[in-house]
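This briefing goes through one protein chain, from its overall make-up to single residues. Please keep the sequence and the model in view while reading.

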Amino acid sequence: MSDALTLAVPKGRVLKVLVPLLAKAGYDASSFLSDERALVRTSACGRLEALLLKPDDVPTYVERGVASIGVVGRDVLDEKGSELFRVLDLRVGVCKLAVAAPKGFTAPRGHVLRVATKYPRMALAHYAKKGEQVEVVKLHGSVELGAVTTLADVIVDLVETGRTLEENGLEVIEDVASVSSVLVANRAAWKVDGERLRAFVKGLEEALAV
Ligand code: PRP
């Protein structure tokens, strides 16, 4: 590893909007998006190094100090109950966690509601707040299918444009939480390498203000 600032970043949609934001902050990070298989990428200026990760793994790399800084959705942090230091809301990856059901759905009487989700902790907390007991079915993707088939009555999942719900005959029946990507920092790195990390964060704050 070099002297570059190490960032843990999620591969995919959020990275595509993060790179232009980094460009506005003065970092040419286009190499983070290049079509290669290398999982460690260095920015053109050599000041940033990105570890390309599955979103769920970003907190782990930052908690353990392998990366000083990370970019991760509030959904991932809240589902893990992560206490990572949230430094800055990046206002990218904006969406919401919602309960959705087949159009015209009415809650079944006489049986416990079955909820399919990638977010069992947040789903249970949502229903606990309402004093409702539910059965959670944990899924890893294509969650909408849970409510399209007989697997579940409703789903708790991310909604961005609403297109996936619409094309599967589902609709939002309750909002659970607002989601966006945030910058998180390793607390020890924030102390030891504070000056450099604060300068990086300031650059992003200024880029967001433009
Ligand atoms: C996410 C989410 C929804 C969809 C929402 O899935 O779980 O399925 O995006 O986006 P929309 O409101 O713009 O349609 P993702 O594409 O990450 O894939 P997954 O099904 O594997 O979770």
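The model is predicted. The protein has 210 residues, of which 45% are buried, and its secondary structure comes to eight helices and 11 strands.

**Whole chain**

- Along the principal axes, the C-alpha trace spans about 60 × 35 × 30 Å.
- The accessible surface is about 11,300 Å², and carbon and sulfur atoms hold 50% of that area.
- Among contacts with a separation of 6 or more, 66% join residues 24 or more positions apart.

- In soluble globular proteins, nonpolar side chains tend to be buried together.
- Leucine 204 is in contact with Leu21, Leu22, Ala25, Leu88, Leu90 and Leu183, leaving aside neighbours within four places in sequence.

**Helix 1**

- Helix 1 consists of residues 13–24, and its buried residues are Val14, Leu15, Leu18, Val19, Leu21 and Leu22. They lie on the same side of the helix, because the arc they cover around the axis is only 165 degrees.
- An α-helix has 3.6 residues a turn, so residues three or four places apart point the same way.
- Arg13, Lys16 and Lys24 are exposed on the other side of helix 1.
- The cover over the buried residues of helix 1 includes strand 1 (5–10), strand 3 (48–53), strand 4 (69–73), strand 11 (181–185) and helix 8 (194–209).
- Glycine 26 follows helix 1 and has a positive phi, near 100 degrees.

**Helix 4 and alanine 123**

- In helix 4, the buried residues are Pro120, Met122, Ala123, His126 and Tyr127.
- Helix 3 (74–80), strand 6, strand 7 (113–117), strand 8, strand 9 (154–159) and strand 10 (170–179) are included in what covers these residues.
- Alanine 123 belongs to helix 4, which runs over residues 120–129. Its relative accessible area is 0%, so alanine 123 is buried.
- Leaving aside neighbours within four places in sequence, alanine 123 is in contact with Val115, Thr117, Val136 and Val156.
- Alanine 123 and isoleucine 155 are 32 residues apart along the chain, and their C-alpha atoms are separated by 9.0 Å.
- Glycine 131 follows helix 4, with a positive phi near 75 degrees.

**Positive phi outside glycine**

- Arginine 91 is not a glycine, yet has a positive phi of about 55 degrees. This arginine lies in the loop between strand 5 and strand 6 (95–102). Arginine 91 counts as exposed because its relative accessible area is 54%.
- Serine 142, also not a glycine, has a positive phi of about 45 degrees. The loop that holds serine 142 lies between strand 8 (134–138) and helix 5 (144–148). With a relative accessible area of 56%, serine 142 is exposed.

**Two further loop positions**

- Serine 43 is in the loop between strand 2 (40–42) and strand 3. Its relative accessible area is 4%, so serine 43 is buried.
- Leaving aside neighbours within four places in sequence, serine 43 is in contact with Asp28, Ala29, Ser31, Phe32 and Leu48.
- Aspartate 57 is in the loop between strand 3 and helix 2 (58–63). At a relative accessible area of 36%, aspartate 57 is partly exposed.
- The C-alpha atoms of aspartate 57 and valine 9 are 9.2 Å apart in space, while the two residues are 48 apart in sequence.

Terms used: Residues are numbered from 1 along each chain as its sequence is written. This is a predicted model: local features need pLDDT of at least 70, side-chain atom pairs count only at pLDDT 80 or more; totals for chains, interfaces and linings use all residues. Side-chain values use heavy atoms; hydrogens and water are left out. Buried means under 20% relative accessible area, exposed over 50%, partly exposed in between (1.4 Å probe, protein chains only). Helices (H or I, at least four residues) and strands (E, at least two) are DSSP runs, numbered from the N terminus. The arc is that of the directions from the helix axis to the C-beta atoms. Contact means heavy atoms within 4.5 Å. Accessible areas come from the Shrake-Rupley method with a 1.4 Å probe; for residues, only the protein chains shown count as cover.
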